[in-house]
Amino acid sequence: MTSTLTLSAALLGQQTLLKRVLMVLGGSLAIALAAQVSVPMLPVPMTLQTLAILMVGLTFGARMGAATLLVYLGQGAMGLPVFANGGAGLPYMMGPTGGFLLGFVAMAWIAGFASDRGWTRSVVGAVATALIASAVIYLPGLAWPAIALGKSVPELVSGWMLPFLAGDAVKSVLAALIVTGAWAAIGRRKG
């Protein structure tokens with residue numbers, strides 16, 4: 001299947017190797033900065049990190065979005081303070097949020113997969129994509145503490161999922177509106 005032009009390609013033109021490297025580094029920096037905007041909650045803080053991840057996936061496409069998240073996780077593994085509240089290193093990654101960190105790669109890939117196919121140019125398609133991509137992080141995010149920490153399903157649902165659903169929904173809609181707004185602006189500029 002031929003890919004539809006991604007938003008990043010529409011804005012930046014031909015994506016040379018240098019442009020791709022700069023996109024990945026810029027995207028990982030944006031995610032790291034968004035992770036520092038935090039509302040303290042237990043067991044994990046609510047950040048703008050997932051909003052930035054959705055934006056990366058929706059604008060870069062599946063391959064570049066996933067690559068950006070892998071670089072981001074690599075930066076954190078190397079000890080750079082890129083995670084929420086300046087978290088860094090392998091011990092942090094193996095902690096309670098480890099499953100969510102892994103889910104971030106899938107989140108970006110799913111958002112990018114839909115974007116690559118043009119499914120995110122409409123508000124409805126973009127919102128649906130962002131909601132699905134946001135929901136996917138809960139699979140590894142909840143499985144990790146269930147296995148590693150022995151948390152029960154009721155504990156996971158009440159403490160690790162329900163408090164974050166409304167915020168995730170708002171961030172999904174916001175990401176979708178930003179992306180579809182950018183597409184509309186490009187259409188007006190060309191028209």
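## Where helix 6 meets helix 7

Let's start with a pair of helices: helix 6 passes helix 7 in a right-handed crossing. Keep in mind that what you are looking at is a predicted model. The two axes come within 8 Å, and they cross at roughly 160°. That angle makes helix 6 roughly antiparallel to helix 7, because anything over 145 degrees counts that way.

Who does the touching here? On the helix 6 side, the contact is made by Ala106, Met107, Ile110, Ala111 and Ala114. Helix 7 answers with Thr129, Ile132, Ala133, Ser134 and Val136.

## Helix 7 has another partner

Helix 7 also packs with helix 9, at an angle of about 140° and with the axes 8 Å apart. These two helices are therefore oblique to each other. Their crossing is right-handed.

From helix 7, the residues involved are Val123, Ala126, Val127, Ala130, Leu131 and Ser134. They meet Asp168, Ala169, Ser172, Val173, Ala176, Leu177 and Thr180 of helix 9. Look out for Ser134 of helix 7, which is in the list for helix 9 and also in the list for helix 6.

## The nonpolar core

Now for the inside. The largest nonpolar core holds 44 residues, and the ones with the most contacts inside it are Ile31, Ile53, Leu54, Leu69, Tyr72, Leu73 and Phe83. Quite a few elements give two or more residues to this core: helix 1 (7-12), helix 2, helix 3 (49-60), helix 4 (62-77), helix 6 (98-116), helix 7 (123-136), helix 8 (138-148) and helix 9 (153-190). Helix 3 supplies the largest share, with eight residues.

Isoleucine 53 is a handy one to zoom in on. Setting aside its neighbours within four places in sequence, isoleucine 53 is in contact with Ile31, Leu69, Phe104, Met107 and Ala108.

Does the length of helix 2 agree or disagree with what its residues should span? With 19 residues at 1.5 Å a residue, helix 2 should span 27 Å, and its end C-alpha atoms are 27 Å apart, so the two agree.

Several of its residues are tucked away: Met23, Val24, Gly27, Ser28, Ile31, Ala32, Ala34 and Ala35 are buried. The buried residues of helix 2 pack against helix 1, strand 1 (38-39), strand 2 (46-47), helix 3 and helix 4.

## Alanine 35 and asparagine 85

Alanine 35 sits in helix 2, which covers residues 17-35. Its relative accessibility is 0%, so alanine 35 counts as buried. Beyond its neighbours within four places in sequence, alanine 35 is in contact with Thr47, Gln49, Tyr72, Val82, Phe83, Ala84 and Asn85. Threonine 50 is 15 residues away along the chain, yet its C-alpha atom and that of alanine 35 are separated by 8.1 Å.

One of those contacts, asparagine 85, is found in the loop between helix 4 and helix 5 (89-93). Is asparagine 85 buried or exposed? At 55% relative accessibility, asparagine 85 counts as exposed. Its backbone is worth a look too: asparagine 85 has a positive phi of about 55°, although it is not a glycine.

## Threonine 6, before helix 1

Finally, go to the segment before helix 1, where you will find threonine 6. This residue counts as buried because its relative accessibility is 9%, and the cut-off is under 20%. Not counting residues up to four places away in sequence, threonine 6 touches Gln15, Thr59, Phe60, Gly61, Asp116 and Trp183.

Terms used: Residues are numbered from 1 along each chain as its sequence is written. This is a predicted model: local features need pLDDT of at least 70, side-chain atom pairs count only at pLDDT 80 or more; totals for chains, interfaces and linings use all residues. Side-chain values use heavy atoms; hydrogens and water are left out. Helices (H or I, at least four residues) and strands (E, at least two) are DSSP runs, numbered from the N terminus. Buried means under 20% relative accessible area, exposed over 50%, partly exposed in between (1.4 Å probe, protein chains only). Contact means heavy atoms within 4.5 Å. A nonpolar core is a set of buried Ala, Val, Leu, Ile, Met, Phe, Trp, Tyr and Cys residues joined through side-chain atoms within 4.5 Å. The expected span of a helix is 1.5 Å times one less than its number of residues. Axes are lines fitted to C-alpha atoms, for helices over the stretch in contact, and angles run from 0 to 180 degrees between N-to-C directions. Angles under 35 degrees count as roughly parallel, over 145 as roughly antiparallel, 65 to 115 as roughly perpendicular and the rest as oblique. A crossing is left-handed if the near helix is turned anticlockwise from the far one by less than a right angle, and right-handed if clockwise.
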